[in-house]
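Welcome! Have a look at the structure below, and then let us walk through some of its features together.

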Amino acid sequence: MNPMTINIPERLETDRLVLRLPTLADAEIVAAGVQASIEELHEWMPWAKKDYGVDDATTWIHQTLAEWHQRKGVPYLILLDGVHVGNVGLFDVEWDVPRGEIGYWMRTDHVGKGYMTEACNVVTDLAMETFGFHRIIVTSSDNNVRSWAVAERCGYTFEGVLRNYRRHTDGTLDHARMYAKTSA
């Protein structure tokens, strides 16, 4: 399969949400969303530094659009009634298998309303049904209950704890929970 010939939609819709590819014009709303949730995001996401701003969002958009064009990632902004409430997407895509990892974050003021589960389900369906992925994984800190609860609500299977898998944002070693959804 030649990944460059795969039609990856720039927009997906659910009953309540629109997921769309970010553009450079979105840098301000992405930065504002991160800042509105910085206390929660900084706890779990190494990229969510306290002074995250428009330049950081612009860099992220450039990087993710390059990955999208190269078919190495599938990033989406999550919009609710036209308001940016989070991000979801596939990364570390390996078309040979095919497989990838799903990652996500939600604005603190929109957590607990089922939006992330809805967004993850539509991206998972895209990957499994449209792209023919055989495996999608979710990894999160073993202590980030909200993150791994999304994976569980989306029907991902807990595969185990990866001990000393990555650095926590405070520099200490952190264990990660791994979940997966497979085609068989």
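Let us begin with helix H1 (residues 27-36) and helix H3 (residues 54-69), which pack at an angle of about 115° with their axes 8 Å apart. The axes here are lines fitted to C-alpha atoms, for helices over the stretch in contact, and angles run from 0 to 180 degrees between N-to-C directions. Helices (H or I, at least four residues) and strands (E, at least two) are DSSP runs, numbered from the N terminus. Which residues of H1 and H3 make the contact? From H1 come Ala27, Glu28, Val30 and Ala31, and from H3 come Val54, Ala57, Thr58, Trp60 and Ile61; contact means heavy atoms within 4.5 Å. These residues divide into seven nonpolar, one polar and one charged. In this count, Ala, Val, Leu, Ile, Met, Phe, Trp, Tyr, Cys and Pro are nonpolar, Asp, Glu, Lys and Arg are charged, and the others, Gly among them, are polar.

A word on where this comes from: this is a predicted model, in which local features need pLDDT of at least 70, side-chain atom pairs count only at pLDDT 80 or more, and totals for chains, interfaces and linings use all residues. Residues are numbered from 1 along each chain as its sequence is written, and side-chain values use heavy atoms, with hydrogens and water left out.

**Aromatic rings**

How many aromatic pairs does the structure hold? There are six. Rings of Phe, Tyr and Trp (its six-membered ring) pair if their centres lie within 6.5 Å; planes under 30 degrees apart count as stacked, over 60 as edge-to-face and the rest as tilted. Tryptophan 95 lies in the loop between strand E4 (83-94) and strand E5 (99-106), and phenylalanine 133 in the loop between helix H4 (115-130) and strand E6 (135-141), so the pair ties together parts that are 38 residues apart in sequence. Both tryptophan 95 and phenylalanine 133 are buried. Buried means under 20% relative accessible area, exposed over 50%, and partly exposed in between (1.4 Å probe, protein chains only).

Another pair, phenylalanine 158 with tyrosine 179, is tilted: 5.3 Å centre to centre, 55° between the planes. Phenylalanine 158 sits in strand E7 (residues 157-167) and tyrosine 179 in strand E8 (residues 173-182), so this pair links parts of the chain 21 residues apart. Phenylalanine 158 counts as partly exposed at 39% relative accessibility, whereas tyrosine 179 is buried at 1%. Elsewhere, Trp47, Tyr52 and Trp105 form one aromatic cluster.

Some rings also have an arginine over the face. Arginine 71 lies over tryptophan 68, at 4.8 Å from the ring centre, and arginine 177 over tryptophan 148, at 3.7 Å. The rule is that NZ of Lys or CZ of Arg is within 6 Å of the ring centre and within 35 degrees of the ring normal.

Tryptophan 148 brings us to helix H5 (residues 145-153), where Ser147, Trp148, Ala149, Val150 and Ala151 are buried. What covers them includes E5, H4, E6 and E8. Serine 140, placed in strand E6, is buried too, with a relative accessible area of 4%. Leaving aside neighbours within four places in sequence, serine 140 is in contact with Ser147, Trp148, Arg166, His175, Ala176 and Arg177. Just after H5, glycine 155 takes a positive phi of about 85°.

Most residues other than glycine have a negative phi, and most peptide bonds are trans.

| Residue | Phi | Relative accessible area |
|---|---|---|
| Aspartate 81 | about 50° | 73%, exposed |
| Asparagine 164 | near 50° | 45%, partly exposed |

Aspartate 81 is in the loop between strand E3 (74-80) and E4, while asparagine 164 lies in strand E7. What kind of peptide bond joins valine 97 and proline 98? The bond is cis, with omega about -20°, and proline 98 is found in the loop between E4 and E5.
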